Amino acid sequence: MNHPVIARIRLNPHSRDVQRDLRDATQMHRTVMRMVPDNLGDAPRQQAGLLYRLEETDTSSTLLVQATTLDPARLPTGYGQADVKSLAPMFTALRKGLGVRYRIVLNPAKRERLSLEDKGKRGRIVPLTGADADQWWLRRAAEAGLDLHVLTPTSMEPVRPRGRDATCMRHSLLRYDGTATVTDPGALEDAVIQGIGRGKPYGAGLLSLAPATTA
């Protein structure tokens, strides 16, 4: 099995392309898709296994991009400095009972339940917040082979797709950091590769893992 790779791109704050992408999630998605091969069919993001997450501090912005294969040379000139590494060693290290630290940006949401009179119709997607969002992540983490010990939520700036063909839906994003124990390495590997939840074209769903430090 070909394990994905991950690129850590330290964005150049002086690049006009970077400034544009930081304002517009649709443009950011288009830019990261430039790094995967062309002609991937009707669902190129899924075919490439592409997931990404933007990490910003007061002094810098870093873009993490994961896919089956990535070519940072296809980014706009001067976009940033990219380091690419394979995730194979991480997958090799996964085992039941392993303690890990994790980080993920999520779009916790549920589909609205409709009355019997509206049978056959689909309810709206409703964002979850607070304890409802925490419970959502606890359930999804368990399905992904993680028993969470700590989950610390951080509210992120919501994103709206832009452009003529974009939907009007706003994607509410939450970042979760914490510690967990691996309960199912196979399910966890699938979750890392496929991502978790909605909003993947807009920077959600990428699960990062590292060994937990022991005191």
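**Close-up 1. Aspartate 24 and the backbone of threonine 26.** A polar atom of the aspartate 24 side chain lies 3.0 Å from the backbone nitrogen of threonine 26. Aspartate 24 is located in the loop between helix 1 and helix 2, helices being DSSP runs of H or I with at least four residues, numbered from the N terminus. Its relative accessible area is 13%, so aspartate 24 is buried (under 20% relative accessible area, 1.4 Å probe, protein chains only). The model is predicted, local features need pLDDT of at least 70, side-chain atom pairs count only at pLDDT 80 or more, and totals for chains, interfaces and linings use all residues. Residues are numbered from 1 along each chain as its sequence is written, and side-chain values use heavy atoms, with hydrogens and water left out.

**Close-up 2. Helix 1 against helix 2.** The axes of helix 1 (residues 16-23) and helix 2 (residues 25-33) come within 5 Å and cross at roughly 125°; axes are lines fitted to C-alpha atoms over the stretch in contact, with angles from 0 to 180 degrees between N-to-C directions. The contact (heavy atoms within 4.5 Å) involves Arg20, Asp21, Leu22 and Arg23 of helix 1 and Ala25, Gln27, Met28 and Thr31 of helix 2.

**Close-up 3. Helix 6 and its ends.** Within helix 6 (residues 185-194), the buried residues are Ala187, Leu188, Glu189, Ala191 and Val192. Glycine 195 follows helix 6 and has a positive phi, near 80°.

Terms used:
Helix = DSSP H or I, 4+ residues; strand = E, 2+ residues; numbered from the N terminus. Buried < 20%, exposed > 50% of the residue type's maximum accessible area, 1.4 Å probe, protein only. Polar contact = N/O pair within 3.5 Å; in protein donor to acceptor, adjacent residues only side chain to side chain.
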